[in-house]
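The exercises below are meant to be worked through with the sequence and the 3D view side by side. Try each task before reading its solution.

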Amino acid sequence: MDWGSVIAGAITGVVGVAGIIGTAWQGKRSREAQSTDLRASIDAAAENLRHSISVEDDRTKLADKSRIYAQCLATLWEAVEAWLIHNASSGGERAITELKTARALTVAANAAYSVRLIGPPDVSRLAGKALTSVRDRDSFPGAFNALLFAMRADLGVPGEPVTSVGSPGQSADPLSGGG
């Protein structure tokens, strides 16, 4: 028997087996690394999705709050206008303007209650104050402006509010009596 050939064959076999074991071990390590990378990637994507949903929820809540605030301000002005028209009316139209005023006050009260439901304490308090001052020509503008400023601050709107413009030659302020 040629021992040299047997030893060479045995060494070749051992090297082959070692190569197979090494390749299998390296493949296992590669799969584990890929699995870890995939898990980290999925976790990062899930966190990103949670953050996106949270940001969208915040944006939606802010838009809803802004809409409710705007509706409250508009209905308060409508109630003031109805009150002023009612005070200027006489005769048979007085009963009609009284009903319109009552309806406008109800709508304004509902809007103010919506604000009181979602707004922080200062905005809630000022909404109630503006509502109760609708019939008071002297205190309403101050109560309305205080509410407007508080709402803007709650919404994070910077700067001073811009006065809206009425029709040409007409004031946007129903209390000014201008026209």
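**Exercise 1.** Which residues are buried in helix 2?

Solution. Begin by noting that the model is a predicted one, and then go along helix 2, where T97, T101, A104, L105, A108, A109, A111, A112 and V115 are buried. Next, look at what lies against these positions: the buried residues of helix 2 pack against helix 1, helix 3 and helix 4. Finally, check the length of the helix, for at 1.5 Å a residue the 26 residues of helix 2 should span 38 Å, and this agrees with its end C-alpha atoms, which are 38 Å apart.

**Exercise 2.** Work out how helix 1 and helix 2 are oriented to one another.

Solution. Helix 1 covers residues 3-88 and helix 2 covers residues 93-118, and the two pack with their axes 8 Å apart, at an angle of about 155°. Because angles over 145 degrees count as roughly antiparallel, helix 1 is roughly antiparallel to helix 2. The crossing in which helix 1 passes helix 2 is left-handed. To describe the contact of helix 1 with helix 2, sort its residues by type, which gives 16 nonpolar, seven polar and five charged.

**Exercise 3.** Carry out the analysis for helix 2 and helix 3, and name the residues that meet.

Solution. The axes of helix 2 and helix 3 cross at roughly 170° and come within 8 Å, and the two helices are therefore roughly antiparallel to each other. On the side of helix 2, the residues that meet helix 3 are L105, A108, A109, A112, V115 and R116, while helix 3 contributes V123, S124, A127, G128 and L131. Sorted by type, the residues of this contact of helix 2 with helix 3 are eight nonpolar, two polar and one charged.

**Exercise 4.** Describe how helix 3 and helix 4 cross, and which residues make their contact.

Solution. Here the axes of helix 3 and helix 4 come within 9 Å, crossing at roughly 155°, and helix 3 and helix 4 are therefore roughly antiparallel to each other. Their crossing is left-handed. The contact is made by D122, V123, L126, A127, K129 and A130 from helix 3, together with F140, A143, F144, A146, L147, A150, M151 and D154 from helix 4. Counting types in the contact of helix 3 with helix 4 gives eleven nonpolar residues, no polar ones and three charged ones.

**Exercise 5.** Find the buried residues of helix 4, and say what covers them.

Solution. Within helix 4, the buried residues are F140, A143, F144, L147, L148, A150, M151, R152 and L155, and what covers them includes helix 1, helix 2 and helix 3 (121-132). The length can be checked as well: helix 4 runs over residues 140-155, and its 16 residues at 1.5 Å a residue should span 22 Å, in agreement with end C-alpha atoms that are 22 Å apart. After helix 4 comes G156, with a positive phi near 75°.

Terms used: Residues are numbered from 1 along each chain as its sequence is written. This is a predicted model: local features need pLDDT of at least 70, side-chain atom pairs count only at pLDDT 80 or more; totals for chains, interfaces and linings use all residues. Side-chain values use heavy atoms; hydrogens and water are left out. Axes are lines fitted to C-alpha atoms, for helices over the stretch in contact, and angles run from 0 to 180 degrees between N-to-C directions. Helices (H or I, at least four residues) and strands (E, at least two) are DSSP runs, numbered from the N terminus. Angles under 35 degrees count as roughly parallel, over 145 as roughly antiparallel, 65 to 115 as roughly perpendicular and the rest as oblique. A crossing is left-handed if the near helix is turned anticlockwise from the far one by less than a right angle, and right-handed if clockwise. Ala, Val, Leu, Ile, Met, Phe, Trp, Tyr, Cys and Pro count as nonpolar, Asp, Glu, Lys and Arg as charged, and the others, Gly among them, as polar. The expected span of a helix is 1.5 Å times one less than its number of residues. Buried means under 20% relative accessible area, exposed over 50%, partly exposed in between (1.4 Å probe, protein chains only). Contact means heavy atoms within 4.5 Å.
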